[in-house]
Amino acid sequence: MGNASKDESQNEKLIRLLEDQLAHSNQQNKDLSKQIEALTDQVRHLTKLLYGSKTEKSKYNAPDGQGSLFDDDPAFREPEHTEEQSQQTISYTVVRKVKSKKRNDSLHDGIEVEAIHYHPENTICDCCQGRMIEIGSKIVREEAEFIPAKMMKVQHIEHAYECKGCKVDSSQPAQIKRGKAPQPAIQRSIASPSVLAKVIYDKFAQYLPLYRQVKEWDRYGLNTNDKNLSNWVIRAAHDWLLPVYERMKELMMAKSVLHIDETYGQIINRSDGKSGQANAYNWVFRSVPSQGPIMTLFQSALSRARSVLESFIKGFSGTIVCDGYSAYDKLEGVNFANCWAHVRRYWLKADSKNGRIGVKYCDDLYRLERQFKRLSPSKRRKKRQKYSKPIVEEFLHWVETSPFYGKNALAKAAEYTLNRANGLKLFLNDGRIEMDNNPAENAIRPNVIGRKNWLFSVSEAGAKANAICLSIAETTKSNGVDFYEYIKKLFRDLPNLGIQQNPEILDQYMPWSKTIKEKCSNN
């Protein structure tokens with residue numbers, strides 16, 4: 001009996017051991033299955049990026065046949081750097097009458113016209129030898145003629161005058177008057193306002209790096225180098241564009257709604273001791289049309305830490321529309337409205353039945369937004385409360401009650417959505433707030449394009465000058481002002497106005513001021 005009991009005890013231990021091993025093996029199999037599922041999703045996503053359509057336009061048609069809304073952002077990942085930005089796109093079918101386009105329709109109205117007349121070499125009649133008379137003429141073609149720019153040397157000469165009568169009268173002091181030339185934008189420099197404006201315009205509107213401008217300036221007759229051009233840009237930006245930039249910043253911080261985004265850059269000589277290969281960052285801040293003239297300001301920084309954001313928006317109180325980056329959180333007096341374009345992108349990446357459901361919820365919201373686009377903020381808020389709010393609540397309830405778990409794309413989309421639920425609902429309560437951060441993403445696009453051309457900044461001073469010039473360029477564009485003519489006027493006028501003693505003068509030189517609109521308009 002004792003041996004039998006002992007054998008049973010050993011068998012029970014063996015059975016428990018085997019059961020534990022089996023449970024452990026089952027758990028390992030489950031873990032491996034989850035890993036395989038996550039890796040399969042990654043392979044599917046990477047394959048789609050490599051070989052699939054490079055667009056976020058949904059292949060999942062809505063009931064009314066309306067496709068989806070955005071350009072693709074294949075570089076999207078966490079943390080969220082701005083690369084190729086998403087942009088809302090709408091397709092329309094428009095029937096127009098076929099209009100024959102004349103060749104000279106491409107030339108602007110008011111352009112100078114030169115007429116070249118061609119007469120017969122001999123106007124004597126071959127038959128009777130009498131003189132022939134003109135009976136008509138015909139324009140056989142029109143051409144666009146290009147006259148290359150030319151370089152001029154402008155000498156500023158001050159003339160002095162004295163009174164001869166007072167000169168011979170020893171009881172009178174000598175009377176001398178001298179003409180005074182206007183102050184230059186850069187002291188002891190050959191660069192005139194027009195040259196400075198051209199250098200900056202070519203770099204920040206045409207995205208032409210300074211080293212590539214050197215040969216063009218040589219063709220015009222100015223012998224220079226890229227170091228000279230760089231110094232001109234830095235000095236001109238610091239002395240005359242920075243005061244305008246800082247005034248814009250004061251006005252922007254007085255508003256209550258901002259769009260913010262950031263993207264990386266590169267600065268070779270860094271003050272923090274890091275390698276020039278380390279990422280620096282350009283932040284972009286953009287106001288909204290419902291609160292006055294649109295302003296776009298860039299801020300160069302060595303990092304994308306929250307301290308950069310806190311320093312720039314010091315004194316701001318209101319709502320910031322942004323993506324899901326962790327720096328956009330928990331600032332006193334600031335609410336953060338999150339971006340539905342990013343949410344939609346996550347569900348689009350979850351290429352499945354549930355992913356298509358998530359995309360459809362987002363598309364339904366955007367379809368309503370297109371209808372509300374031209375309404376006043378108060379009317380848009382009422383429409384959102386009536387039509388958009390039920391969709392948002394239904395969507396969030398569906399995500400919260402669905403069994404999405406693991407590390408696959410679907411679970412990531414659900415987690416991203418629920419973690420930002422409060423920020424995603426903010427647009428429903430304020431008609432001034434957009435439901436996505438596309439305005440900031442579009443505003444930062446020129447910085448991304450420029451980065452691909454000029455690659456890096458050598459110094460932090462150069463990066464700061466770049467940010468200032470980009471700010472002026474994008475703000476003038478938004479307000480219908482010619483960037484070149486505007487900065488040329490600033491370089492010509494501001495050195496002679498004493499703006500340090502009278503900063504209120506700068507309000508007359510904002511891109512939306514009546515005077516600037518009249519003299520520097522794009523129209």
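**Figure 1. Overview of the predicted chain, with its 15 helices and eight strands.** Helices (H or I, at least four residues) and strands (E, at least two) are DSSP runs, numbered from the N terminus. This is a predicted model, in which local features need pLDDT of at least 70 and side-chain atom pairs count only at pLDDT 80 or more, while totals for chains, interfaces and linings use all residues. Residues are numbered from 1 along each chain as its sequence is written, and side-chain values use heavy atoms, with hydrogens and water left out. Of the 523 residues in the chain, 39% are buried; here buried means under 20% relative accessible area, exposed over 50%, and partly exposed in between (1.4 Å probe, protein chains only). Among contacts (heavy atoms within 4.5 Å) with a separation of 6 or more, 66% join residues 24 or more positions apart.

**Figure 2. The largest nonpolar core, with 73 residues.** For this view, a nonpolar core is a set of buried Ala, Val, Leu, Ile, Met, Phe, Trp, Tyr and Cys residues joined through side-chain atoms within 4.5 Å. Look for I200, L241, W283 and I313, which have the most contacts inside the core. Helix α5 (residues 226–253) gives the most to this core, with 13 residues. Which residues does I200 touch, not counting those up to four places away in sequence? I200 reaches A205, V233, A236, L241, C469, F483, I487 and F491. Apart from this core lies another, of 36 residues, and C339, W347, W398 and V399 are among them.

**Figure 3. Helix α3 (residues 193–204) against helix α14 (residues 483–493).** The two helices pack at an angle of about 140°, with their axes 8 Å apart. Axes are lines fitted to C-alpha atoms, for helices over the stretch in contact, and angles run from 0 to 180 degrees between N-to-C directions. The crossing of α3 past α14 is right-handed; a crossing is left-handed if the near helix is turned anticlockwise from the far one by less than a right angle, and right-handed if clockwise. On the α3 side you will find P193, S194, L196, A197, K198, I200, Y201 and F204, which meet F483, Y484, I487, K488, F491 and R492 in α14. These residues divide into 10 nonpolar, one polar and three charged. In this count, Ala, Val, Leu, Ile, Met, Phe, Trp, Tyr, Cys and Pro are nonpolar, Asp, Glu, Lys and Arg are charged, and the others, Gly among them, are polar.

**Figure 4. Helix α3 meeting helix α5.** Here the packing angle is about 100°, and the axes are 10 Å apart. The two helices are therefore roughly perpendicular to each other; angles under 35 degrees count as roughly parallel, over 145 as roughly antiparallel, 65 to 115 as roughly perpendicular and the rest as oblique. V195, L196, V199, I200 and F204 of α3 make the contact with L229, W232, V233, A236 and L241 of α5. The residues of this contact divide into 10 nonpolar, no polar and no charged.

**Figure 5. Helix α7 (residues 340–349) beside helix α8 (residues 353–372).** Their packing angle is about 155°, and their axes lie 8 Å apart. That makes α7 roughly antiparallel to α8. The crossing of α7 past α8 is left-handed. From α7 come W340, A341, V343, R344, W347 and L348, and from α8 come N354, G355, G358, V359, C362, D363, L365 and Y366. Sorted by type, the contact residues are nine nonpolar, three polar and two charged.

**Figure 6. Two residues with positive phi, Q129 and Y207.** Neither is a glycine: phi is near 65° for Q129 and about 60° for Y207. Q129 is in the loop between α1 (2–51) and β1 (160–162), whereas Y207 is in the loop between α3 and α4 (210–220). Are they buried or exposed? Q129 counts as exposed, at 54% relative accessibility, while Y207 is buried, at 17% relative accessible area.
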